[in-house]
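Student: Could you walk me through this model, one region at a time? I'd like the cut-offs spelled out as we go.

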Amino acid sequence: MKDLSRAYCNFFSGRTAYPVFHRRYGANDAFRYPQGFKIDETGKQIYLPGIGFVKYRRSRYIEGKAKNITVIRKADGWYVSIQTEYEKEVPVHQGDEVGMDMGVVWFCTLTDGTQISPCNALKKHLKKLVQLQRALSRKEKFSSNWRKAQREVAKLHQRIGNIRQDFINKVALDLSKKHAVIYREDLRIKNMTASAAGTVEEPGHNVAQKSGLNRAILDQAWGKFFQRLEWKCEQRGGQVIKVSPQYTSRICPICGYESKENRKSQASFECVACGYRGNADVVGARNIKVRGQRMSACGEFGEVGRAQVNRRMETVHGAGQQQE
Ligand SMILES: [Zn+2]
């Protein structure tokens, strides 16, 4: 009932499509026990109401009080996920502030020049995946060979997902340890990766290019990365601040001149007005940081343009002179 309720809530708030029934060979088979389960002292058995004692392998110790348990079927077996509750003191973070620019060539670029290369789990396994999917399509549906082939496809998907998850966790942990405040672009991934083909009335431009970009963005799982990063930073007393990404890639960090011309190529930035040259991704990260700091200094959220800030400074200045 909880899952059904959430499915409808997600649908009515426009986040997801209309709920569908569970499929017999669906990928995510899961159920939850809000109470009544028991975990054996030795950590080798778990008691699930209605099923009884089940052998299990403990991957980590349980910290705090176990609140509920979810049993999930994945391609290679059954997993249990135990939710716990405990008090934890949040420390004060001693790290610095940093701006972060997301990209496809580099997963992310920081203001200090650090660049992290993407893991591209799907890209690496795409050939194998296509091969397995082709084998599956040749089998007679619902036959036992078809089922076997389907398991192989599911296993590869799980492997790709695991590699991606591992990469995300490592990067998020590393960043959350080093930096107290991380400014990131407020990207709408859903809009960014919307079908490039467009509609019949309004066909899209550069369809092949964009669908390649979409796949790259989805493969890198930015959405999951941001979630993880926020959570990790919160635990360490850090903070992630979202900043409007408008024109961050084409504003000069030295003189503030904004033009499409500044961006000569994908990788390099050259200001038309003052001649400043630099790495385009680092420039993006610097602009994000500056905008984020200005936003938090003004106590204002949303888009703050350079002109607006200048005007406000003038009025404050003017008022001071009148008092004198
Ligand atoms: Zn310039």
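Tutor: What follows goes from the chain as a whole to the metal site, the sheets, the helices and some loop residues. This is a predicted model, in which local features need pLDDT of at least 70 and side-chain atom pairs count only at pLDDT 80 or more, whereas totals for chains, interfaces and linings use all residues. Residues are numbered from 1 along each chain as its sequence is written, and side-chain values use heavy atoms, with hydrogens and water left out.

Student: How many helices and strands does the chain have?

Tutor: The secondary structure comes to 8 helices and 13 strands, where helices (H or I, at least four residues) and strands (E, at least two) are DSSP runs numbered from the N terminus.

Student: And what share of the residues is buried?

Tutor: Of the 324 residues of the chain, 30% count as buried; buried means under 20% relative accessible area, exposed over 50%, and partly exposed in between, with a 1.4 Å probe and protein chains only. As for contacts (heavy atoms within 4.5 Å), residues 24 or more positions apart account for 56% of those in the chain with a separation of 6 or more.

Student: Now the metal: which residues are the protein donors of the zinc ion?

Tutor: They are Cys252, Cys255, Cys271 and Cys274, each through its SG atom, lying 2.3 Å from the zinc ion. Donors here are N, O and S atoms within 2.8 Å of the metal (3.2 Å for Na, K and Ca), and water is not among the atoms, so sites may look incomplete. In sequence the donor residues follow the spacing C-x2-C-x15-C-x2-C.

Student: What's the geometry of the zinc site?

Tutor: The site is tetrahedral, with angles of 107 to 113 degrees among its 4 donor atoms; four donors count as tetrahedral if all angles lie between 85 and 135 degrees. For reference, the ideal angle for four tetrahedral donors is 109.5 degrees.

Student: Are cysteine 252 and cysteine 271 buried or exposed?

Tutor: Cysteine 252 is buried because its relative accessible area is 1%, and cysteine 271 is buried at 3%.

Student: Switching to sheets, what is the strand order in the open sheet of 5 strands?

Tutor: The order is S9-S8-S7-S10-S11, with mixed pairing; two strands pair if DSSP finds at least two bridges between them. Strand S9 (115–116) and S11 stand at the edges with a single partner strand each, so one side of each is left without a neighbour in the sheet. Strand S8 (residues 108–110) pairs with S9 in the antiparallel sense over 2 bridges, and threonine 109 stands opposite glutamine 115 in S9.

Student: And the open sheet of 3 strands, what order does that one have?

Tutor: That sheet runs S2-S3-S4 with antiparallel pairing. S2 and strand S3 (residues 45–48) pair over 2 bridges in the antiparallel sense, and isoleucine 39 has isoleucine 46 in S3 as its bridge partner.

Student: Where is glycine 43, and what is it in contact with?

Tutor: Glycine 43 is in the loop between S2 and S3, and it is buried because its relative accessible area is 6%. Leaving aside neighbours within four places in sequence, glycine 43 is in contact with Tyr56 and Arg58.

Student: Which helix holds serine 176, and what does its side chain touch?

Tutor: Serine 176 is found in helix H3 (residues 144–178), and at 0% relative accessibility serine 176 counts as buried. Its side chain makes a polar contact with the side chain of arginine 236 at 3.5 Å, a polar contact being a pair of N or O atoms within 3.5 Å; within protein, one must be able to donate a hydrogen and the other to accept it, and residues adjacent in sequence count only if both atoms are side-chain atoms.

Student: Last one: what caps the N-terminal end of H7?

Tutor: Asparagine 279 does, with a side-chain oxygen 2.8 Å from the backbone nitrogen of aspartate 281.

Terms used:
Four donors count as tetrahedral if all angles lie between 85 and 135 degrees; four count as square planar and six as octahedral if opposite donors are over 155 degrees apart and all others between 65 and 115; anything else is irregular.
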